Amino acid sequence: MNLPFFSSDDLVVGIDIGSHAIKICQLKRTDKAYAVVNLGSATLPEDAVDDGTLNDPELVGKTIKELLKNLKIKKKKVGFSISGYSVIVKKVNLAVMSEEELEEHIQTEAEQYIPFDIDDVYLDFQDLKTNKGDSERTDVMLVAAKKEIVDDYLEMLEGLNLQPVIVDVDGFALENTYEYNYPKDENVALVDIGASKMNINIISNGISVVARDIVVGSRQLTEQIQAAFDLEFAEAEALKLGHIPAEEKQEEIADIFSSTCTQWVLEIKKAIDLYQANHPDAPLTRLVLSGGGSKVSGLVDYLASETELAVELFNPFNNMTVNSKKIDPDYLNSIGPEMAIATGIAIRPSVI
Ligand SMILES: Nc1ncnc2c1ncn2[C@@H]1O[C@H](COP(=O)(O)OP(=O)(O)OP(=O)(O)O)[C@@H](O)[C@H]1O
Ligand SMILES: [Mg+2]
């Protein structure tokens, strides 16, 4: 694979700030591929981050600082990504125009596409250049992110003496790392199941055609176990992960898993059905699952039987080189699905 020439200095350290854990990934470019330099994760207390909002920026900052220190990362340029109610990604179909015209059009017309006051958001867009033949219209991806939310992230990271130079969106970061690591010519559903949200991104002919965030995730399982047995959150989480034996609770826990996973799978199927109905000529071939929730045992097989697609866990290091003396391959393998978004941020060259 050919990469444009950049020194490793051009890459940012990717920081994925989830509601359950911070994930950090540092890559470098070598002649032929990206190499994994450093990576790790640290869990956050229950309410520190919620729906993409920093409820406790000080605590989140402290966790990031400690993780960077443990990983011995000195680099200051970082990227992070946003998700949740504060960011809207929308595809609009517009007349073909120049980049400058498009910029102006979006500044003046954005309010009809997004439900926020234009003065309250940062706007970005990308012409997907879908105009084929003599078509005079093209799809444009519009992103609007609430300033107050983004500014909280910037302020928190700057407070740690870091330079946040890239603001990504979870779904785009996922797409980015998928495109680098997997064949480009497939129509695929990328599904990230985190602690408190599920992001579904369907890519067809290299373009994201369905993108949605749904408020479900693996924390649901913990909360249901907590309620069923009247436990502390941490104990319920340990039971969920099998870190403490379930014993007589086994059957009830299995029921909780099965009803919640059924709900997740229904949501995924809804998105796939919508896609198939609109794109009958470009059937999906694969479903790639990421996020900690993807590791729920049996989920891959269950999804495969329900969707009739080839389902696999995301390996964001598929096309990357790794020094196995420095990073334990078993650790890399087990943390891969959670690292997909951080990796996607870390392959962005810093632009400023
Ligand atoms: N083997 C497993 N089975 C079930 N759940 C798991 C497993 N391993 C991790 N998880 C869960 O995955 C979640 C963490 O995943 P991840 O790091 O992707 O979430 P996050 O990015 O912090 O959350 P979000 O993106 O929703 O804000 C936690 O709820 C954790 O309990
Ligand atoms: Mg996440």
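Me: What makes up the shell around ligand 1, by class?

Reply: The shell has four nonpolar, ten polar and six charged residues. Ala, Val, Leu, Ile, Met, Phe, Trp, Tyr, Cys and Pro count as nonpolar, Asp, Glu, Lys and Arg as charged, and the others, Gly among them, as polar. The model is predicted: local features need pLDDT of at least 70, side-chain atom pairs count only at pLDDT 80 or more, and totals for chains, interfaces and linings use all residues. Residues are numbered from 1 along each chain as its sequence is written, while chains are lettered from A and ligands numbered from 1 in the order in which they are written.

Me: Which of the residues around ligand 1 come nearest?

Reply: G18, S19, H20, G194 and G292 come nearest, out of 20 residues around the ligand. A residue counts as near if its C-beta atom, placed from the backbone, lies within 6 Å.

Me: Which helices each supply at least two residues of this shell?

Reply: They are α5 (218-229) and α6 (233-240). Helices are DSSP runs of H or I with at least four residues, strands are runs of E with at least two, and both are numbered from the N terminus.

Me: Which domains each give the shell at least three residues?

Reply: Domain 1 (1-86 + 148-182 + 318-352) and domain 2 (183-313) do. These bounds come from an automatic or database domain assignment.

Me: Why do β12 and β13 count as paired?

Reply: Pairing takes at least two bridges found by DSSP. Seven bridges join β12 (residues 198-204) to β13, so the two strands count as paired. They run antiparallel, and I207 in β13 is the bridge partner of S204.

Me: What makes β13 (207-214) and β15 (310-313) edge strands?

Reply: The open sheet has the order β13-β12-β11-β14-β15, with mixed pairing. β13 and β15 each pair on one side only, which makes them its edges. The twist from one strand to the next averages 15°.

Me: How do you know that domain 1 and domain 2 touch, and what gives the most on the domain 1 side?

Reply: Contact means C-beta atoms, placed from the backbone, within 7 Å. By that test, 18 residues of domain 1 are in contact with 24 residues of domain 2. The elements giving two or more residues to the domain 1 side are α4 and α9 (329-346). α4 gives the most, with six residues. That side divides into six nonpolar, seven polar and five charged residues.

Notes: Axes are lines fitted to C-alpha atoms, for helices over the stretch in contact, and angles run from 0 to 180 degrees between N-to-C directions. Two residues are in contact if their C-beta atoms, placed from the backbone, lie within 7 Å.
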